[in-house]
Amino acid sequence: MAMATTTSTTARTSLASVTLEVADPEAARRFYGAFGVDPYIRLRASGAPSTGFRGFTLALTVSGPATVDGFVAAAVNAGATVLKPAAKSLWGYGGVVQAPDGTIWKIATSAKKDTGPATREIDEVVLLLGVEDVKATRQFYVGRGLTVAKSFGGKYAEFAAGPSSPVKLALYKRRALAKDLGVPADGTGSHRVVLGSTADTFTDPDGFAWEAAAPPAPTPS
């Protein structure tokens, strides 16, 4: 299927932050520090009910298989559960883990062989939202001012990264995403993730909540 690139003509909106809502923020902070992804997320306490698949995953792209193994090992040592052991596939090498707070993380590389030693460097972080209708949700976000960087019909869409966030936003069919992660697609209640918007507050067609990002603190004179 051909790739399409779309440029929005509306006022620009972008993903400013990703906040995970967790039952125990201190425990989650320790886990994500040990895992090595704490610069990419925010945490806050939440008692919102949630069962089954929460409808999203955070994906790390790294340089090679040894680095994938290192991140998986760090996550497991800090208390994560392996959903899919790291293994080779047609597209590269990767594995899936679930944090103690329930958030699912995928760690992958397109390389099938190491060309250097393992590192703790992350090349890219992508927040994948599992949605019912990729085309409709993509158009919803274009209407909110996001810019489409990649689009593969009704299967996948990726938005251009905003200058204020190290995390890219992408859309994937919910059931296909769950299958890729190795979990049942069913789930109810809160997604347990809140997205920071450079514009206003809104909720998308699949119930993912966006909040207006707090303005930066004033610089002392």
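Author: On a 1 Å grid over the protein atoms alone, a pocket is an open set of points with protein on both sides within 12 Å along at least five of seven lines, whereas a cavity is a set where a 1.4 Å probe fits but cannot get out; lining residues have an atom within 4 Å of a point. Points are joined across faces, edges and corners, and a volume is the space filled by probe spheres set on them. This is a predicted model, in which local features need pLDDT of at least 70 and side-chain atom pairs pLDDT 80 or more, while totals for chains, interfaces and linings use all residues. Residues are numbered from 1 along each chain as its sequence is written, and side-chain values use heavy atoms, without hydrogens or water.

The largest pocket holds about 580 Å³ of space. It is lined by 17 residues, of which Ala59, Thr61, Lys106, Leu128 and Tyr156 are the closest to its centre. At least two lining residues each come from strand 4, strand 7, strand 8 (124-131), strand 9 (148-152) and strand 10 (156-159); helices (H or I, at least four residues) and strands (E, at least two) are DSSP runs, numbered from the N terminus.

There is also one cavity of 30 Å³ or more, and the volume of the largest cavity is about 60 Å³. Among the 12 residues lining the largest cavity, Ser14, Leu15, Leu146, Phe159 and Ala160 are the closest to its centre.

After helix 1 comes Gly36, with a positive phi near 100°.

The rings come next. Phe, Tyr and Trp (its six-membered ring) pair if their centres lie within 6.5 Å; planes under 30 degrees apart are stacked, over 60 edge-to-face and the rest tilted. The whole structure has 13 aromatic pairs. Phe35 belongs to helix 1 and Phe71 to helix 2, so their pair ties together parts 36 residues apart in sequence. Phe35 is buried at 0% relative accessibility, and Phe71 is buried at 1%.

Tyr141 and Phe202 form another edge-to-face pair, because their ring centres are 6.4 Å apart and their planes at 65°. With Tyr141 in helix 3 (residues 134-144) and Phe202 in strand 14 (residues 202-203), the pair ties together parts 61 residues apart in sequence. Tyr141 and Phe202 are both buried.

Phe35 and Phe71 also share one aromatic cluster with Phe31, Tyr32 and Trp105. A charge sits over a ring if NZ of Lys or CZ of Arg is within 6 Å of the ring centre and within 35 degrees of the ring normal. Arg120 lies over the face of Phe71, 4.2 Å from the ring centre, and Arg144 has its charged end over the ring of Phe202, 4.1 Å from its centre.

How values were computed
Buried means under 20% relative accessible area, exposed over 50%, partly exposed in between (1.4 Å probe, protein chains only).
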